Amino acid sequence: MFSCTDDFTELNTNEKVLTLATIKDDELLLGQVFAQAQYGSMFDSPFYFQYAQNWSSDLYSQYFAICVSYAEPDRNDFTDGWSSETWLSFYTECAPHVKAVEDITSENENFVGNAMAKILKVLAYSRMTDYYGPIIYSQYGNNELTVPFDSQESIYMDFFDQLDDAVAILKVNPGANMFGQNDRIYGGSADKWLKFANSLRLRLAMHIRYADAAKARVEAEKAIEDGVFTDNNDNAILPLNRIRRHTYGILTGWSEFRMSAAMESVLKGYEDPRAPFYFSPAASGDTDGDGFVYEGLLNGQSQADLSSVISPNNFSNMGSAYKLRQNGGTEGPYEIMSASEIYFLRAEGALQGWNMGGSTKDMYEAGIRASLMSKAGSNEVVIGEYTNSFNTPVPYEAGANALSDIPVAFSSNPETQFEQIMTQKWIAIYPNGWEAWADLRRTGYPKLYDRLYSDNPDVGVSEIMRRITYPDLEADTNPIGYAEALTMPELAQGDKNSTKVWWDKK
């Protein structure tokens, strides 16, 4: 117990732990780190995913409503613990892996792999900054006790630079493959990553169009010129299996959330063929007798009603594609980005007079078509009937109001067109709460119901949650960086849920 040995370091080194030196010389191991970075970017853990998406953006965008009394997030409540889980998940399960792949591919002059890592970095960090505003970005991994935050504006400008670098490399390496099947999204195809980079550029350009219209237009038109998603075969899909279960499959079994009243109003009114894919019939059946077996719950229920009146069986859970199968796996993958989303982004840009490679109406209808084919397997007849329908949203129950009065058929009024684009996009990208909440904040669409109650003094029942507050752990472990972040002009209104992020300018 008290002696020394010349082998002390060797004896106390776990040879089974991966080190950066080990990964550097093994492309297979590096590919596995890249795969882990991809899953980490989706918060691929039940508790992380629950706090990062299901109890936040999924509710803020009213895809779902909480149906149990012990959960408060649907009343605009927000706790430090939920923010901590989101923050820690990203900075321990995603950011280190992204950085390792980016650093090692750069050192090894693996240019294609480095380009793919940069694109994934932009995807992952864009989700975080859209939640928080200023975050740790350029100085992440500086190995110092203090890590500065970057403003969201500077982060977005760097996103476009990063994409420029990645696209330039991928353009001159057509047909290249890197990481093979360890690239879980595209099987290592540089060509597919090129389209993804351009499509991601279009998404981010549209995010900032109210904050910097000139920059947004330049980046959006650049994306179209270089080539974006045009077909569902382009979609960025992260597959799952019996080992990698879809977190919704686990969360649906906990029976804490159900279909929202907003979703019922729209899907029922439009006679939307995606309803059976998105949701399951309510276990108690058509309790309100309206002939629609998919039942939605109004957001913001009181704790008293959730304890004694509200039964989860009376409302619709997610569809079978999002539930665990008997073999322990799920059918539904993570849909990171789709051709449908890109068409709606192009429709929004075209509505502003930007060169999006087609008219607003054509892009709008192409977005609907791509979604119906992907999510409902619809044929051309069904697609035509839906696209030309003058059906409008209807009340989710007797005595309630309809969510809106807009039809599916494309309007001649520009503002109605904008609402149609954003409403159909909201339906199409379900259940991507991250993007749906970003769209709601930056455009005000789709129109949503007021919550019944709010427990948040900064966000009322008719107001939109604007951002996620920082976890206390940053004040405890990075006090100087955290304090400096709070002095940024972007946070002039304070570290509150009502403070708008930089691009939220409409």
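# Briefing: core, helices and loops of a predicted chain

The largest nonpolar core has 159 residues, and W87, Y91, W193 and F196 have the most contacts inside it. Helix α8 gives the most to this core, with 13 residues. A nonpolar core here is a set of buried Ala, Val, Leu, Ile, Met, Phe, Trp, Tyr and Cys residues joined through side-chain atoms within 4.5 Å. Nonpolar side chains tend to be buried together in soluble globular proteins.

The model is predicted: local features need pLDDT of at least 70, side-chain atom pairs count only at pLDDT 80 or more, and totals for chains, interfaces and linings use all residues. Residues are numbered from 1 along each chain as its sequence is written, and side-chain values use heavy atoms, with hydrogens and water left out.

**Whole chain**

- The protein chain has 22 helices and 4 strands. Helices (H or I, at least four residues) and strands (E, at least two) are DSSP runs, numbered from the N terminus.
- A compact globule of 506 residues would have a radius of gyration near 23 Å; the protein chain has 23 Å, so the two agree. The radius is taken over C-alpha atoms, and the globule rule is 2.2 Å times the number of residues to the power 0.38.
- Along the principal axes, the C-alpha atoms fill a box of roughly 80 × 55 × 50 Å.
- Buried residues make up 57% of the 506 residues. Buried means under 20% relative accessible area, exposed over 50%, and partly exposed in between (1.4 Å probe, protein chains only).
- The protein chain exposes about 20000 Å², and carbon and sulfur atoms supply 49% of it. These areas come from the Shrake-Rupley method with a 1.4 Å probe; for residues, only the protein chains shown count as cover.
- Among contacts with a separation of 6 or more, 75% join residues 24 or more positions apart. Contact means heavy atoms within 4.5 Å.

**Helix α7**

- Helix α7 (residues 95-107) has 13 residues and should span 18 Å at 1.5 Å a residue; its end C-alpha atoms are 18 Å apart, which agrees. The expected span is 1.5 Å times one less than the number of residues.
- Its buried residues are A95, H97, V98, A100, V101, E102, I104 and T105.
- The cover over these buried residues includes α2 (20-24), α3 (27-41), α6 (80-93), α8 (111-132) and α9 (152-171).
- Just after α7, E109 takes a positive phi of about 55 degrees.

**Helix α19**

- Helix α19 (residues 414-428) has 15 residues and reaches 21 Å from its first C-alpha to its last, close to the 21 Å expected.
- The helix is mostly covered, with 12 of its 15 residues buried.
- Those buried residues pack against α13 (261-269), α14 (275-278), α16 (339-351), α17 (360-376), α18 (380-387) and α20 (433-443).
- N413 caps the N-terminal end: a side-chain oxygen lies 3.0 Å from the backbone nitrogen of E415.

- R203 is found in helix α10 (residues 190-207). R203 counts as buried because its relative accessibility is 3%.
- The side chain of R203 reaches the backbone oxygen of I336 at 2.9 Å.
- Beyond four places in sequence, R203 is in contact with L123, I336, M337, E341, L345, N432 and E435.

**Loops and backbone geometry**

- A cis peptide bond joins Y430 and P431, with omega about 0 degrees. P431 lies in the loop between α19 and α20.
- The bond from Y445 to P446 is also cis, with omega near 0 degrees. P446 lies in the loop between α20 and α21 (472-477).
- N143, in the loop between α8 and α9, has a positive phi near 60 degrees. N143 counts as exposed, at 77% relative accessibility.
- F179, in the loop between α9 and α10, has a positive phi of about 80 degrees. F179 counts as buried, at 7% relative accessibility.
- S151 lies in the loop between α8 and α9 and is partly exposed, with a relative accessible area of 22%. S151 touches P134, M488 and E490, not counting residues up to four places away in sequence.

Methods:
Polar contact = N/O pair within 3.5 Å; in protein donor to acceptor, adjacent residues only side chain to side chain.
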